[in-house]
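Here are my notes for you on this fold. Have the viewer open while you read, and take the points one at a time.

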Amino acid sequence: MNAKSWSNHSRYVVLTDHSSGQLVGNYSTFVNFLKVKEVINNIAFSDKSTYSDNGNIYNRKITSQEAKNILANIGDCTWTDNTAKMLLVANQLKIRI
């Protein structure tokens, strides 16, 4: 079955398995993962050096191209050093994924 047709949760579970323990893999962290993915999507399509979330302004830790690559890797369920950069965003937001 093609990973593109899987649910977001299914992709997250597979990505968790491929992350060698860097992602937790339970439902509450999945909900947090969706939030981080939303922020990464906003970064991917913005050329600003900052982004905001819940009224807080943050300096970007990743580039737009890195954000686009992270989103592509999530869609393909692949874990690379670039995909691991999503943890930078999660840590900045103080969210555990």
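1. Start where a helix ends: α3 is followed by C77, whose phi is positive, near 60 degrees. Helices here are DSSP runs of H or I with at least four residues, strands are runs of E with at least two, and both are numbered from the N terminus. As for α3 itself, its 13 residues reach 18 Å from the first C-alpha to the last, close to the 18 Å expected at 1.5 Å a residue. That expected span is 1.5 Å times one less than the number of residues.

2. A word on what you're looking at. This is a predicted model, where local features need pLDDT of at least 70 and side-chain atom pairs count only at pLDDT 80 or more, while totals for chains, interfaces and linings use all residues. Residues are numbered from 1 along each chain as its sequence is written, and side-chain values use heavy atoms, with hydrogens and water left out.

3. Which residues of α3 are buried? They are S64, E66, A67, I70, L71, N73, I74 and G75. (Buried means under 20% relative accessible area, exposed over 50%, partly exposed in between, using a 1.4 Å probe and protein chains only.) What covers them includes α1, α2 and α4; contact here means heavy atoms within 4.5 Å.

4. Now the middle of things. The largest nonpolar core has 26 residues, and I40, M86, V89 and I97 have the most contacts inside it. Two or more residues each come from α1 (8–18), α2 (27–44), α3 (64–76) and α4 (86–92), with α2 giving the largest share, seven residues. By nonpolar core I mean a set of buried Ala, Val, Leu, Ile, Met, Phe, Trp, Tyr and Cys residues joined through side-chain atoms within 4.5 Å. In soluble globular proteins, nonpolar side chains tend to be buried together.

5. Click on I97 next. Leaving out residues up to four places away in sequence, I97 touches Y12, L23, V24, T29, N32, F33, V36, M86, L87 and A90. The side chains of T29 and Y12 are joined by a polar contact of 2.9 Å. (That's a pair of N or O atoms within 3.5 Å; within protein, one must be able to donate a hydrogen and the other to accept it, and residues adjacent in sequence count only if both atoms are side-chain atoms.)

6. How many aromatic pairs does the structure hold? There are four. Rings of Phe, Tyr and Trp (its six-membered ring) pair if their centres lie within 6.5 Å; planes under 30 degrees apart are stacked, over 60 edge-to-face, and the rest tilted. Y12 and F30 make a tilted pair, 5.6 Å centre to centre with 50 degrees between the planes. Since Y12 lies in α1 and F30 in α2, this pair ties together parts 18 residues apart in sequence.

7. Y12 also pairs with F33: the centres are 4.8 Å apart and the planes at 40 degrees, so this pair is tilted. It links helix α1 to helix α2, 21 residues apart. Y12, Y27, F30 and F33 form one aromatic cluster.
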